[in-house]
Amino acid sequence: MRARATTIIGLGLIFAAMALLLIAVPALAEPQSNPAEARQAEPVRAAPLGATVSVDLCAKAGTLTLPDSTVVDTWGFAIKPASVACTDVSVQAQVPGPLLEFTAGDSISITLHNALAEQASIVFPGQDLMPDHVGAAPGGSVAYSFTVDEPGTYLYESGTFSDTTAAVQVAMGLYGPLVVRPTTAGQAYGTPASAYDREAVLVLSEIDPDLHANPTTFNLLDYSPQYWLISGKAYPETDPILALPEERVLLRYVNAGLWNHTLTVLGMHQTVIAVDAYVKNYPHEAVSLIIPSGQTWDSIATLPAGAPFGTSFPLYSRNLFLSNENTFPGGMMTFITYDPTLLPYRNYLGLGM
Amino acid sequence: MEHDRVTRKLRRRDFLTLAGGSALTVLAGGALYKTLGEPGTSLAAPAPAPASIGPDVQIHLAVTDGYASLPGRVGDQTLYVFGFMEVPWASTPQDLASTYKGNVQIVSPIIALDEGQEFHLKLSNLGLAVRPDLDDAHTVHWHGFPNVIAVFDGVPMQSFAVPVGKSFTYAYVTRDPGTFIYHCHFEDVEHVQMLMIGSVYVRPVQNEGNGGSIPKARLAGGASSAPLGYTYNDGLPPTDPLSTAYDREFSLLLTEIDERPHDLLEAVQEFVWAYYEPQYWTINGRAYPDTVKPNNDPSLPHQPISSLVQANAGDRVLLRLAHLGYQQHAMEVVGIPLKVVGHDANLLRGPGGADLSYWTNVVYVAPSTTRDCLFTAPAFDAGAPVESDAYGDYNVYWLQNRNYNRQTNNGQPGLGGMVSEVRVYNGGLPAQTAGHQTFPLLSPPFP
Amino acid sequence: MSNKGRTLIRMGLLGLTCGIILCAGPASARFRQAQVTIGQGPSSVVCTNGPSFNLRATDGHISVPDGNSIYMWTFAEVGGPFQVPSPVLCVDEGATVTVNLTNELAEPVSIIFPGHVGVNTTGGTPGLFTAEAPPAGSVTYSFVASEPGTYLYESGTEPRKQIEMGLHGALIVRPSLGANYAYNDAATEFDPGREYLMLLHDIDHNLHQAVEWGEPYDYTTTRDYYWTINGRAFPDTLAPNSVAWLPAQPYSALLVVEPYDATTNPLPILLRYLNAGLQNHPFHLHGNYTRIIAQDGRLLRGSGSEDTSYQSFTQTIGSGQTYDVFMRWTDVDGWATQSTPIPVDIPDLTNLFFHNAMTTWSGEVPLGEQGDVPVGVTVHNICGEYYLIAHSHALNEIQNFDEGMGGMTTFLRVDPPGGCMPVP
Ligand SMILES: [Cu+2]
Ligand SMILES: [Cu+2]
Ligand SMILES: [Cu+2]
């Protein structure tokens with residue numbers, strides 16, 4: 001059913017919740033991250049189960065700074081605080097867009113406010129609503145209402161293409177991850193096989209600076225990425241994934257890039273439990289995963305027992321896009337790191353769900 | 001000719017008599033004419049063909065050159081191509097040259113067969129109108145055909161090829177249902193890129209039904225309430241969640257086109273294939289917006305096979321995705337998840353019966369693989385953007401390659417490439433009576 | 001558009017290469033006559049047995065069929081010759097594998113073992129992925145080969161450069177059930193004489209030349225020009241293991257099968273695919289489906305031990321992936337026998353095109369019979385065997401730079417029942 005939500009809860013509260021969600025995964029990156037603090041971040045569930053959750057998003061221009069200090073212009077999504085215009089400098093476009101996190105059964109109302117100079121829209125592959133390829137005119141807005149019935153890892157992205165320019169909106173940065181949690185805490189899909197202790201959302205994409213410099217005149221035949229990103233960052237700025245031995249780390253891969261990517265983890269196998277948020281009948285173990293453009297994969301990597309403190313397990317593009325422009329090391333690479341400063345709390349990021 | 005292998009084959013005369021036998025076999029291109037009838041007689045069933053003796057199905061493909069049209073090409077938009085086209089069985093290359101030479105269709109005809117048939121495919125090499133100096137031989141390679149013997153595999157080094165002015169007949173017994181492809185294997189990097197490519201599939205014997213819970217498919221003469229067909233011998237009634245039954249069937253053959261080898265060949269020069277870097281991405285040899293024109297659209301006289309998917313809300317649709325380009329593609333129907341039930345002509349079921357089919361939004365399609373994808377057309381949504389044609393209102397869902405850098409025609413502004421539409425009608429679309437029908441039904445422009 | 005010229009041929013090396021290969025006969029059409037050596041010798045996997053290995057990172061050149069040679073790095077055995085790919089390391093399940101690596105190159109190198117747990121390092125210097133051997137130094141890796149299967153081992157040091165340069169190889173862990181099983185499952189028994197390595201790689205020789213000459217290389221403009229199976233490009237892939245004219249490329253890629261028979265030939269052949277290259281490769285085997293039984297060293301089984309293996313006619317081997325696949329060829333129609341002729345006529349052979357330099361059709365339809373082909377056609381068959389091609393179906397990859405066909409291509413040979421004995 002295509003529910004049209006009407007109940008709107010306080011935008012300020014939602015904004016606070018979203019902001020906390022946004023830092024949830026990067027928080028793992030902080031070696032000093034204190035689980036107790038993380039637990040204080042728990043009231044992300046601002047609304048009761050099955051409630052209506054409203055989010056206001058801006059689409060606007062921004063910039064992205066890469067590890068070699070190259071700055072590219074972007075178009076990105078941002079959370080719009082109540083009573084603040086998208087054009088306000090305090091609203092910063094993000095690449096990827098903010099992590100939208102919901103609970104299965106929620107009714108979602110998302111309003112996109114378009115602060116770009118061209119038409120913009122959002123499509124939500126895998127969600128139960130008619131895809132919108134029209135969207136809002138510059139300065140306008142468009143609302144999307146749907147119910148998130150199925151837990152999992154999803155992509156949201158621009159659905160707009162123009163008659164006069166190339167299909168560049170997604171490449172410019174108009175994409176983001178969307179996670180729907182089951183009502184059972186600590187599980188990706190409400191099944192024991194999907195139980196995890198830690199999680200990381202890994203949004204894969206590429207940057208061709210020429211496209212970002214000239215989005216309205218760019219020739220797609222010239223698309224030639226020079227930077228390869230995980231969640232908007234290239235190594236060495238990528239966020240490490242911190243965990244303890246024997247913990248199950250849920251890796252939520254979201255390929256928002258224009259290219260297909262093959263990702264590898266060293267030191268362990270990963271068990272693939274879902275693709276495009278569809279639970280696999282028979283999970284399989286693999287080292288290297290082909291993740292096509294637009295697809296999401298959920299795998300669980302279990303850190304081996306007995307690993308010494310500080311052990312790092314590389315997670316990287318096996319197509320070996322491991323440079324920033326021509327400088328190694330860089331690119332689509334991070335590490336799952338046994339961080340002895342972590343206390344063995346299980347699944348602290350997902351508690352309270 | 002040998003006719004004594006009847007006992008080793010699954011004979012299906014009743015189906016052939018009812019459905020027209022080999023007349024049904026080539027679904028697009030020349031034989032659309034035979035299958036679908038003249039304009040205005042749109043839904044008339046094809047006339048029954050006499051039950052054959054000897055081979056169940058005979059198809060004669062002629063090889064020659066010609067021109068295709070690509071949006072975004074400079075000048076008159078035409079591109080030099082090679083291809084296969086269907087011609088009358090009994091004719092010789094010499095008979096055919098005056099009508100067909102230089103007048104090829106791309107992509108090659110869709111060949112639909114039934115499980116258990118003995119299929120004879122005669123290949124005639126007419127030579128090239130534009131490059132008469134280039135006396136390339138050709139072959140047919142049925143890609144994926146299991147347990148093939150060397151002389152029917154169409155690899156020149158491993159048997160032989162067919163020189164200009166000559167013919168050779170390949171023979172196959174269709175023991176395995178599923179979606180395959182065919183292409184020339186002579187200097188294949190060149191001839192495949194020149195678009196000597198086509199879809200061939202084998203429909204399962206389950207289309208005959210089991211007299212009980214599995215009704216005879218409409219393709220086999222079943223009742224109007226029955227599915228058009230079954231993708232595989234799944235052994236399940238159409239109501240079963242794991243059934244591979246479908247109401248509509250579409251064949252989508254992907255490829256990319258690098259115009260440079262085409263232009264160089266036309267200009268008597270050679271291309272270095274390591275530099276392959278296409279400018280066009282096509283479905284059934286058409287790039288968007290040509291993709292959404294129906295079969296046999298008069299504006300595309302040499303590209304008769306549509307890439308448009310049409311269905312009524314609630315219809316179960318089979319997409320036979322196949323790929324004979326050289327890149328890897330991420331295909332999706334935005335807003336409609338796909339259930340992949342077959343890989344490479346194999347039902348996704350483990351040896352012990354494990355269900356290996358899967359749902360997905362994006363289907364990864366690598367060169368020379370085929371994927372059988374089912375979906376149920378969503379409810380018609382009058383509140384969403386609506387378009388309309390002679391069959392009433394419909395919603396549009398984009399069928400596209402998610403590699404957005406490939407959504408272009410030669411780098412020109414605007415949407416192009418491997419993009420088409422799934423149009424979901426509010427019940428007004430006629431039923432398909434054969435695979436890959438698009439509406440309106442049009443007759444082919446030639447010969 | 002990258003438009004790098006071919007600058008690889010250097011006269012000294014060309015002369016050497018020519019002496020071995022090119023000058024053996026006139027280059028005919030697209031094939032070097034003397035180079036086409038099909039089978040007639042072992043082509044199945046050659047194990048270097050462990051569990052202790054002494055490897056050295058070193059350099060040398062390989063030959064590709066268009067006459068070029070390519071500078072490569074590899075892990076060679078200490079005391080053994082430079083070889084590409086690096087040796088196939090074979091160990092038994094449960095063994096403690098020890099690899100002592102010494103570095104003869106001028107920059108640090110290392111080895112990673114994807115899919116293996118708890119690799120301990122001794123000596124060396126810290127690196128990004130693992131401990132490295134500095135130039136002229138050494139490092140030791142050890143781990144327990146706890147799970148059977150097919151694995152890559154490869155450089156963990158600047159992998160974009162070093163893996164492409166050739167610092168990679170295959171590691172086979174044999175199950176405790178027995179060496180003629182792929183895994184600890186009775187259903188994974190294969191024909192022990194028919195176990196084949198299919199190690200795929202893609203090469204931009206411009207990188208190799210830049211490394212050899214100490215010049216810069218721009219990784220963002222890379223383009224592949226050569227594609228190999230087991231370090232050889234077609235048609236070198238067809239030659240047996242360890243032929244004298246490919247001194248640095250000892251591993252054949254020729255596949256051999258005999259018709260399935262429930263009594264006399266019930267077991268499948270085993271192909272161990274590994275992709276050390278940077279691109280995913282859609283590999284297509286003519287002749288029959290293959291059954292994919294395992295990926296990345298893990299048998300395809302559900303949690304309730306359901307058999308989740310599957311069949312395909314093209315298997316896309318992703319970068320860094322391994323697949324174990326079973327293959328059979330069955331004479332289902334009887335057309336490979338004398339008793340059941342094919343239902344169509346073969347025309348007078350003068351009305352057909354033959355590949356003059358290299359035809360691998362015996363001239364007869366049934367398996368095991370040698371017939372005649374037109375004068376001037378060089379036939380490579382000796383026992384009426386069939387040949388069926390196997391290749392990457394990204395067809396731009398079945399080239400040797402600007403010459404075809406070549407690259408990531410090999411043959412499947414279907415022998416008559418009982419094997420290939422020359423027909424008098
Ligand atoms: Cu041809
Ligand atoms: Cu093929
Ligand atoms: Cu082939």
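A:Leu155 stands opposite A:Pro177 in strand E7 of chain A. Strands here are DSSP runs of at least two residues marked E, and helices are runs of at least four residues marked H or I, both numbered from the N terminus. The structure is a predicted model, in which local features need pLDDT of at least 70 and side-chain atom pairs count only at pLDDT 80 or more, while totals for chains, interfaces and linings use all residues. Residues are numbered from 1 along each chain as its sequence is written, chains are lettered from A and ligands numbered from 1 in the order in which they are written, and side-chain values use heavy atoms, with hydrogens and water left out.

Strands of a sheet pair through backbone hydrogen bonds, either parallel or antiparallel. Two strands count as paired if DSSP finds at least two bridges between them. In chain A, three strands form an open sheet with mixed pairing, in the order E3-E7-E6. Strand E3 (100–103) and strand E6 (152–157) of chain A are at the edges with a single partner strand each, so one side of each has no neighbour in the sheet. Neighbouring strands of this sheet are turned by 25° against each other on average, direction ignored.

Chain A also touches chain B. Contact, meaning heavy atoms within 4.5 Å, links 38 residues of chain B with 39 residues of chain A. The size of an interface is often given as the accessible area lost when the parts come together. Buried area is defined that way here, with a 1.4 Å probe and the loss summed over both parts. Chain B and chain A bury about 3,000 Å² between them, and 57% of it is on carbon and sulfur atoms. On the chain B side, B:Arg402, B:Tyr404 and B:Asn405 lose the most area to chain A, together 22% of what that side buries.

B:Arg402 also takes part in a salt bridge, its side chain meeting that of A:Glu157 (3.0 Å, N to O). A salt bridge is a side-chain nitrogen of Lys or Arg within 4 Å of a carboxyl oxygen of Asp or Glu. The count between chain B and chain A is one salt bridge. There are also 14 residue pairs in polar contact between these chains, both residues at pLDDT 80 or more. A polar contact is a pair of N or O atoms within 3.5 Å; within protein, one must be able to donate a hydrogen and the other to accept it, and residues adjacent in sequence count only if both atoms are side-chain atoms. Among the elements that give two or more residues to the side of chain B that touches chain A are strand E15 (329–333) and strand E22 (392–401) of chain B. E22(B) gives the largest share, five residues.

Chain B meets chain C as well. Here 70 residues of chain B are in contact with 70 residues of chain C. The area buried between chain B and chain C is about 5,600 Å², with carbon and sulfur atoms giving 61%. Two salt bridges are found across the interface of chain B and chain C. The side chains of C:Asp333 and B:Arg175 meet in a salt bridge (2.8 Å, N to O). Polar contacts between chain B and chain C number 27 residue pairs, both residues at pLDDT 80 or more. Strand E6 (167–173) and helix H4 (188–193) of chain B are among the elements that give two or more residues to the side of chain B that touches chain C. The largest share of that side, six residues, comes from E6(B).

Chain C has an open sheet of five strands with mixed pairing, in the order E3-E2-E5-E7-E6. Strand E3 (69–77) and strand E6 (120–123) of chain C are the edge strands, each pairing on one side only. E6(C) pairs with strand E7 (138–144) of chain C in the antiparallel sense over four bridges. C:Thr122 has C:Thr140 in E7(C) as its bridge partner.

Some backbone details remain. A cis peptide bond joins B:Ile106 and B:Val107, with omega about -15°. B:Val107 lies in the loop between helix H3 (93–100) and strand E3 (111–114) of chain B. The peptide bond from B:Tyr288 to B:Pro289 is also cis, with omega near 10°.

Definitions and conventions. Buried area = accessible area lost by both parts, 1.4 Å probe. Axes fitted to C-alpha atoms, helices over the stretch in contact; angles between N-to-C directions.
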